Amino acid sequence: MIGQSATRPDLAAKLTGAAVYAADLDVPGALHVRLLRSPVAHARITALDTAAARAVPGVVAVVTAADLAGFDATWGHYVRDRPILARDVVRFAGEIVAAVAAETEASAAAGVRAIRFGYEPLPALLDVREAVAPGAARVHPGPARPGFGCPPGTALTDGNDFFHYRVDLEREPGTDPPDAVVVEREYAFPAVYQYAMEPHAVVATAGAGAIDVWSSCQHPFLVRQELAEVFGLPEERVRIRVPFVGGGFGSKSYAKLEPVAVAVARVAGRPVRLVNSVEDAMLTTRRHGMRCRMRTVVGRDGRFRSRHAEIWMDTGAYADNGPTVTMVAGMAATGPYRWDRVRVDAACVYTHLPPAGSYRGFGAAHLQWVGESQVDEAAAALGVDRLELRRRNLLRRGETVIPGCRPLDADLAGDLDAVATRLGWGGADKPAWHGRGLSVGVSPAGVSARSSARVELRPGGRVAVLVGSQEIGQGARTVHAQVAAEVLGVPLELIDVPATDTASTPYDRSTGASRSTTVAGLAVQRAAERLREQIVAAAARRGVPESDLAALAPLAGDGSAQELGGGSGPALFWEVCVAGAEVAVDPETGRVDVREVVTVADVGRALNPSLVERQDEGCTLQVVGNALFEEMLFGPDGVLRNGSLVDYRIPTVGDVPGRMTCVIVENGDGPGPFGAKGCGEGVFGGLTAALVTAVTDAGVRVPELPMSPDRVWRWIHAS
């Protein structure tokens, strides 16, 4: 089965509408929950009168922070900084102030409208530069409290820039030569919405000493840990079940609505259903906005001398996963190059904007285009081919990317050459306002080796693969079934991969960081190998043919990926971010037409080639949106101005590039099953940078994203 483009087992259910998502669940007696959100970015709550709301027919409970007494009603994975419901102060426009639970959605909505409230406006910090300026007011008073997911020893400061990630590398002591080429500029990346087609949805019950939750989440075991921590229960008393999930892209990482839903269920004494609208989802999580000042120095001999970068990541009013995003952005700033000296300071900064969290390819998407733009500028100043300048300075397999991290485990020069060949690099002269670009980078992937799996031979001869990695559209269940089928030598149609239930599924840290195939897949492979050993032993012991599986059931094997850890730093493997693009720019309108893109999926071993290609194509469309037109626009009052899919444009079929090529590279050098390593996120760093360098090659320098027609038109006329 390995190397075959097997059909997805969830295909029929999704195409026919039979798939059941969290919002579809029919839970007897469940109340509908609607939320009152703050209309202002920063204010003191001066009044909150719920009497009229409680009198609305059908309303069962109206919950505010005053109803959450007797426990510490704050949560947060990295920093425990977020109240379940706003207490005294609101810190962003959209923060949840109260929740209404009612028999019908209409009653819940009427209850929200009936709440009377008052706010005393306070100054709002809406830009990272304001937030880190000397004397700036603090978004959060008091010392930062580490959340349960904060690594031991992490330094959290009291300022708005509460977390810093620094790289200080000196391979060759000294100073930059006086005649070197110096490129120094500032850049900006906006807040962007992840837009999974299914908004967040939670169904929760909270009885005597137990919590039971259905959630469209990517990290059910971390959500379980969060809820146990907040509500003071042992983890075995908290159960998380995940039905079909309609996409995630990081927007459903860690807890999002689960603490609110559980708190309301506790007060109401009944099950509750809390389902976001798209508008609500845009206020729940987003991609970090970024500002960066970068300086690159290249010697006249073409040797990379030094790179300095200061980075400010806007994590909004609450930390969420911001420190991790900041760390990866800081790592991406160096690029996969051999420098004499590197100094990077990346800061995670609180502002009074909606919280930012994970979004596919974070860090690399933010910084790779910045560094690669400066490489192109240096090449132009030196009169050197852009591809050649990169090749001279690229790290080779086994060299150190970041001190303390796993050595480079890929052939980047080979990947880059594959892109250049397919783009026809160095060919005939291009027409005016046309450009080609390419880029190369790496991003730390895998995050954690904490994945376990159990493979069971059940009566009837069927095999069940129990693994906690979520199917969010990427094909994880398909690949895990293929791995088990390959090891056991049974047809794929005999393999079942049930949905995650923390009460019965082995622990898996999370679904993200391209780890489902590599890390969780390795646990599945080892569990299947243990089961195979038991099958062989049982067949010999009982005198039954190994092919007669039904006669041997029940048997089970357990496996783990834990030995993948061990001193590798934040990367269990490096995901390759290499891509190329060809564009045409219309100087009259500023519109950028993407003619061709080439992406590289350096996957070690393609367990399912079709899924690899679909991953890259899907990410390509997201990159087109992020690079060319997506942007969350906040007014001077901090209120989101384009908070719907009418006003916030996402890519459509009309935005598909003229030609898309995914180059699958199989060197068997991954730590996962059969030499595999992850894919699907590297396109965000690689192609974003390739599009920027292509537009620059067409004659337009790019200082910020997105490269929307109005901006491009202004840049053309300004120059």
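1. Ser253 is buried, at a relative accessible area of 4%. Buried means under 20% relative accessible area, exposed over 50%, and partly exposed in between (1.4 Å probe, protein chains only). Ser253 sits in the loop between strand 13 (238-241) and helix 6 (258-268). Helices (H or I, at least four residues) and strands (E, at least two) are DSSP runs, numbered from the N terminus.

2. This is a predicted model: local features need pLDDT of at least 70, side-chain atom pairs count only at pLDDT 80 or more, and totals for chains, interfaces and linings use all residues. Residues are numbered from 1 along each chain as its sequence is written, and side-chain values use heavy atoms, with hydrogens and water left out.

3. What does Ser253 touch, leaving aside neighbours within four places in sequence? Gln218, His219 and Ser358 are its contacts; contact means heavy atoms within 4.5 Å. The side chains of Ser253 and His219 are joined by a polar contact of 3.5 Å. A polar contact is a pair of N or O atoms within 3.5 Å; within protein, one must be able to donate a hydrogen and the other to accept it, and residues adjacent in sequence count only if both atoms are side-chain atoms.

4. An open sheet holds four strands in the order 18-25-26-27, with mixed pairing. Strands pair if DSSP finds at least two bridges between them. Strand 18 (434-439) and strand 27 (659-665) are at the edges with a single partner strand each, so one side of each has no neighbour in the sheet. Strand 25 (residues 579-585) and strand 26 (residues 592-602) run antiparallel, joined by seven bridges. Ala584 stands opposite Asp593 in strand 26.

5. Helix 11 (residues 412-423) packs on this sheet and touches strand 18, strand 25, strand 26 and strand 27. Its direction makes about 145 degrees with that of strand 26. Axes are lines fitted to C-alpha atoms, for helices over the stretch in contact, and angles run from 0 to 180 degrees between N-to-C directions.

6. The largest nonpolar core has 121 residues. Such a core is a set of buried Ala, Val, Leu, Ile, Met, Phe, Trp, Tyr and Cys residues joined through side-chain atoms within 4.5 Å. Helix 15 (residues 682-697) gives the largest share, nine residues. Met707 is one of the members touching the most others. Leaving aside neighbours within four places in sequence, its contacts include Val592, Leu691 and Trp715. Another core, of 42 residues, lies apart; Leu85 and Ile211 are among them.
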